[in-house]
Amino acid sequence: MSFLKLNQVSYSYPNGFEATQEVSTEFQLGEAVAIVGQNGAGKTTTVKLMNGLLRPTKGEVLIDGQSTKGLTTAQMSKHVGYVFQNPDDQIFQETIEKEIAFGPKSQKLTSAEIQAKVKEAAEICGLTDVLHEHPYNLSYSKRKFITIAAIIAMDPEVIILDEPTAGQDRESTELLGRIIKELSNKNKAVITITHDMEFVAKEFQRVLVFADKRLRKEGTPRKIFWDEGLLTLSGLKQPYICQLAKALGFQNVLTMEELGKEVLGHEGHSD
């Protein structure tokens, strides 16, 4: 059974602008899902419907089989955590430790439980050695990991990451990949909005493609990135490895290892 489900969900802003239309999809615990599409495609509006920051004007959101219509945003946030694209929209404590601890404290956990949550989240996000620092002593890109840790510490079943790779270097992007794997292994559903197609191809099992306010297709990265009609419709580009494979005359390649095998096989066949 899916843990989070959207049934024909639409949202219109008070001025009448319809930002997302008739989205139906579902998410299982333990899976990592990427949401991709151009700006204005409906991605961010859709994920904000999942945790109560916005409420559907049509359709229904279900969490663990229960409609969210009767739930408060605070009740929904216990199950679905949202990490904003800009960490400065989320950080407000004077130390990293206090920032991570704020959520567990609001959940009325014991001191020992709070310390355990902070320790675990800091370890996952590589923050153990800087817990007593002021958050703004860290770079903008590193502050993103503070906000991720703060949501992890609240222990929701679903964690939404909004553009986590934006502004990140290779080392930080690799850490993000490890965080997503670890959360999936802990049976969390990780939903990530991103424009980084290389990151999508490497880290995610399922991809949702949005275009013109609708969910156009969902499938594995291989199915998505080799559907040229879909990519044209949604204004997306293939990851570089797919582009290289295509230029060399190969199809359905997703990794450098696969491309290497194709090239070696082609050379062997030529001999």
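Which element gives the most to the lining of the second largest pocket? In this predicted model, that element is α7, which supplies five residues. Two or more lining residues come from each of α6 (170-185), α7 (197-203), α10 (240-247) and α11 (256-270). By residue class, the lining of the second largest pocket comprises seven nonpolar, two polar and seven charged residues.

The largest pocket has a volume of about 540 Å³. A total of 22 residues line the largest pocket, and Ser77, Tyr82, Gln90, Ile151 and Met154 are those nearest its centre. The elements contributing two or more residues to this lining are α2 (73-77), β6 (80-83), α3 (96-106) and α5 (140-153). Of these, α3 makes the greatest contribution, with five residues. The lining of the largest pocket consists of eleven nonpolar, nine polar and two charged residues.

Strand β1 (residues 4-12) pairs with two other strands, β2 and β4. Its pairing with strand β2 (residues 18-27) is antiparallel and involves six bridges; within this pairing, tyrosine 11 has threonine 20 of β2 as its bridge partner. Strands β1 and β2 form a hairpin in which five residues separate the two strands, and glycine 16 in the turn adopts a positive phi of about 95°. Strand β4 (residues 58-63) also runs antiparallel to β1, to which it is joined by five bridges.

Charged side chains were examined next. Side chains of opposite charge can pair when their charged atoms come close. The structure contains 14 salt bridges. One of them joins the side chains of arginine 214 and glutamate 22, with an N to O distance of 3.2 Å. Because arginine 214 belongs to strand β10 (residues 214-219) and glutamate 22 to strand β2, this pair ties together parts of the chain that are 192 residues apart in sequence. Both partners are partly exposed: the relative accessible area is 28% for arginine 214 and 44% for glutamate 22.

A further salt bridge is formed by lysine 188 and aspartate 155, whose closest N and O atoms are 2.5 Å apart. This pair links distant parts of the chain, 33 residues apart, with lysine 188 in the loop between α6 and β8 (189-193) and aspartate 155 in the loop between α5 and β7 (158-162). Lysine 188 is buried, with a relative accessible area of 12%, whereas aspartate 155 is partly exposed at 36% relative accessibility.

The side chains of glutamate 203 and lysine 181 likewise meet in a salt bridge, at 2.6 Å from N to O. Glutamate 203 is located in helix α7 and lysine 181 in helix α6, so the pair connects parts that are 22 residues apart in sequence. Glutamate 203 has a relative accessible area of 10% and is therefore buried, as the value is under 20%. Lysine 181, at 44% relative accessibility, is partly exposed. The two helices joined by this pair, α6 and α7, are also among the elements that line the second largest pocket. Finally, Glu31, Arg206 and Glu218 are linked in a network of salt bridges.

Notes:
Residues are numbered from 1 along each chain as its sequence is written. This is a predicted model: local features need pLDDT of at least 70, side-chain atom pairs count only at pLDDT 80 or more; totals for chains, interfaces and linings use all residues. Side-chain values use heavy atoms; hydrogens and water are left out. Two strands pair if DSSP finds at least two bridges between them. Helices (H or I, at least four residues) and strands (E, at least two) are DSSP runs, numbered from the N terminus. On a 1 Å grid over the protein atoms alone, a cavity is a set of points where a 1.4 Å probe fits but cannot get out, and a pocket is an open set with protein on both sides within 12 Å along at least five of seven lines; lining residues have an atom within 4 Å of a point. Grid points are joined across faces, edges and corners, and a volume is the space filled by probe spheres set on the points. Ala, Val, Leu, Ile, Met, Phe, Trp, Tyr, Cys and Pro count as nonpolar, Asp, Glu, Lys and Arg as charged, and the others, Gly among them, as polar. A salt bridge is a side-chain nitrogen of Lys or Arg within 4 Å of a carboxyl oxygen of Asp or Glu. Buried means under 20% relative accessible area, exposed over 50%, partly exposed in between (1.4 Å probe, protein chains only).
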